[in-house]
Amino acid sequence: MRNSAPIALLIILLFIPIQARNHPPPCSTSCGDIHNIGYPFRLKGDPPHCGDPDYELYCDNHNRTILNFHAGLYYVNNISYDQRLIRLVDINLAAGNCGLPYRSLGLEEVVGDGRYYRQYFSPHATFVRCSKEINSMGSSMVPCLSGNTSRVYLNYTNNMLYDSDITSDCDIIAMVLSDHKVDQLPSSYEEIQRTLQLGFDLRWAVECRDCRADGGYCQFPTQESSRFHCSKEDGKISLLFSLFIRLYTSFSYPYLW
C-alpha cells in the first residue's frame with residue numbers, strides 16, 4: 001500500500017499530457033479593434049491548434065485585421081459569432097479615397113467559394129467605363145478615373161450587374177459587394193462612396209466547406225430553417241439554380257443606361 005502513492009502520481013503525470021493533446025487550451029487572440037478572435041478564425045502565426053487554416057486572418061503593420069479573400073484584401077470591421085457574420089471593407093475604399101477597389105469581387109465568386117455565402121439578391125456597386133458620356137449617370141461619375149476619352153461611372157443596384165445589362169459603349173471594369181440600410185439606393189458618386197466605406201457582410205459556413213469537400217452541395221438556411229443541409233444529389237441542380245438567378249436578373253434589369 002505504501003508504494004501506491006508514487007504509482008498513482010506517475011499515472012496522473014502521464015495522463016495530463018494526453019489530455020492536453022486531446023483537449024488543447026481554447027484560443028483567443030486580438031488585433032487592433034478586433035478582440036477575442038476564435039474558431040473558426042485564426043491569426044497568422046497562432047499555434048497550429050488554433051482555428052481553421054481556411055479562415056486565417058492577419059494583422060498588418062498598422063494593427064488592422066485583414067482577410068485575404070480571392071486575392072483581394074479587406075479590413076475586418078467586426079465579427080459576430082452569434083450570427084456567423086464577418087464585416088469586411090476593401091482596403092482601397094475604406095478611407096473614402098477616389099479609385100478602384102483592391103480587387104473586383106462579385107457575388108458569383110462568393111457563391112462558388114464554399115467557406116462563405118450571401119443571399120443571391122444583394123447590393124452591388126459596379127465600376128463601368130464608357131467611351132462616351134452617359135447623361136443619365138452624370139452624378140455617379142468617378143472623377144479620378146474619368147478623362148477626355150472615357151468616363152467611369154459607379155452604378156449601385158440591388159443585384160449583380162452583367163455586361164448584357166449595359167450599352168455596347170460601356171464595359172464593366174470592377175465590382176464591389178455592398179450593404180445598405182435605407183430604402184432608397186444611393187445614386188451619386190459621393191453617396192455610393194460613403195456606403196462602400198461601411199463594407200459588407202459575409203456569413204461563414206464551415207459545414208458547407210466540408211460538404212463540398214465531400215462531394216455534395218450545400219443548401220443554405222431559409223426563413224423556415226436556420227440549419228444548413230448537405231445534399232449528395234446531383235450538383236447540377238445548384239448550377240441550374242444559379243443560371244436561373246442570372247437569367248432572372250438580366251430580364252429584370254435590362255439596359256440601365
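## The second largest pocket

Strand 12 (residues 200–204) gives the largest share of the lining of the second largest pocket, with 3 residues. Helices (H or I, at least four residues) and strands (E, at least two) are DSSP runs, numbered from the N terminus. The pocket has a volume of about 250 Å³. A pocket is an open set of points on a 1 Å grid over the protein atoms alone, with protein on both sides within 12 Å along at least five of seven lines. Lining residues have an atom within 4 Å of a point. Grid points are joined across faces, edges and corners, and a volume is the space filled by probe spheres set on the points.

The lining includes Asp201, Leu202 and Arg203. Leu85, Tyr117, Arg118, Gln119, Phe121, Ser122 and Pro123 also belong to the lining, as do Asp179 and Lys181. By class, the lining splits into 5 nonpolar, 2 polar and 5 charged residues. Here Ala, Val, Leu, Ile, Met, Phe, Trp, Tyr, Cys and Pro count as nonpolar, Asp, Glu, Lys and Arg as charged, and the others, Gly among them, as polar.

## Model and chain

This is a predicted model, in which local features need pLDDT of at least 70, side-chain atom pairs count only at pLDDT 80 or more, and totals for chains, interfaces and linings use all residues. Residues are numbered from 1 along each chain as its sequence is written, and side-chain values use heavy atoms, with hydrogens and water left out.

The chain has 257 residues, and 41% of them are buried. Buried means under 20% relative accessible area, exposed over 50%, and partly exposed in between (1.4 Å probe, protein chains only). The secondary structure comprises 5 helices and 14 strands. The accessible surface comes to about 15,000 Å². Carbon and sulfur atoms hold 53% of that surface. Areas come from the Shrake-Rupley method with a 1.4 Å probe; for residues, only the protein chains shown count as cover.

## Strand 5 and its neighbors

Strand 5 pairs with strand 4 (residues 56–59) in the antiparallel sense, over 2 bridges. Two strands pair if DSSP finds at least two bridges between them. Tyrosine 58 faces isoleucine 66 of strand 5. The two strands make a hairpin with 5 residues between them. In its turn, asparagine 63 has a positive phi of about 60°.

Strand 6 (residues 72–80) also runs antiparallel to strand 5, joined by 4 bridges. Phenylalanine 69 has glycine 72 in strand 6 as its bridge partner. This hairpin has 2 residues between its strands. Histidine 70 lies in the loop between strand 5 and strand 6. Its phi is near 50°, positive in a residue other than glycine. Histidine 70 is partly exposed, at 28% relative accessible area.

Asparagine 36 sits in strand 2. Its phi is positive, about 55°, although asparagine 36 is not a glycine. At 52% relative accessibility, asparagine 36 counts as exposed.

Proline 40 lies in the loop between strand 2 (34–37) and strand 3 (42–43). The peptide bond from tyrosine 39 to proline 40 is cis, with omega near 5°.

## Cavities

The whole structure holds 5 cavities of 30 Å³ or more. A cavity is a set of grid points where a 1.4 Å probe fits but cannot get out. The largest cavity has a volume of about 50 Å³. Helix 3 (residues 189–197) contributes most to its lining, with 3 residues.

Tyr189, Gln193 and Leu196 are among the lining residues of the largest cavity. Leu93, Asn97, Gly99, Phe127 and Leu154 line this cavity too. The lining has 5 nonpolar residues, 3 polar and no charged.

## Isoleucine 172

Isoleucine 172 belongs to strand 11 (residues 170–177). With 22% relative accessible area, isoleucine 172 is partly exposed. Isoleucine 172 and arginine 129 are 43 residues apart in sequence, yet 6.4 Å apart in space, C-alpha to C-alpha.

Leaving out residues up to four places away in sequence, isoleucine 172 touches Thr126, Phe127 and Val128, along with Leu161, Tyr162, Asp163 and Ile166. Phe127 also lines the largest cavity.

Note on methods
Contact = heavy atoms within 4.5 Å.
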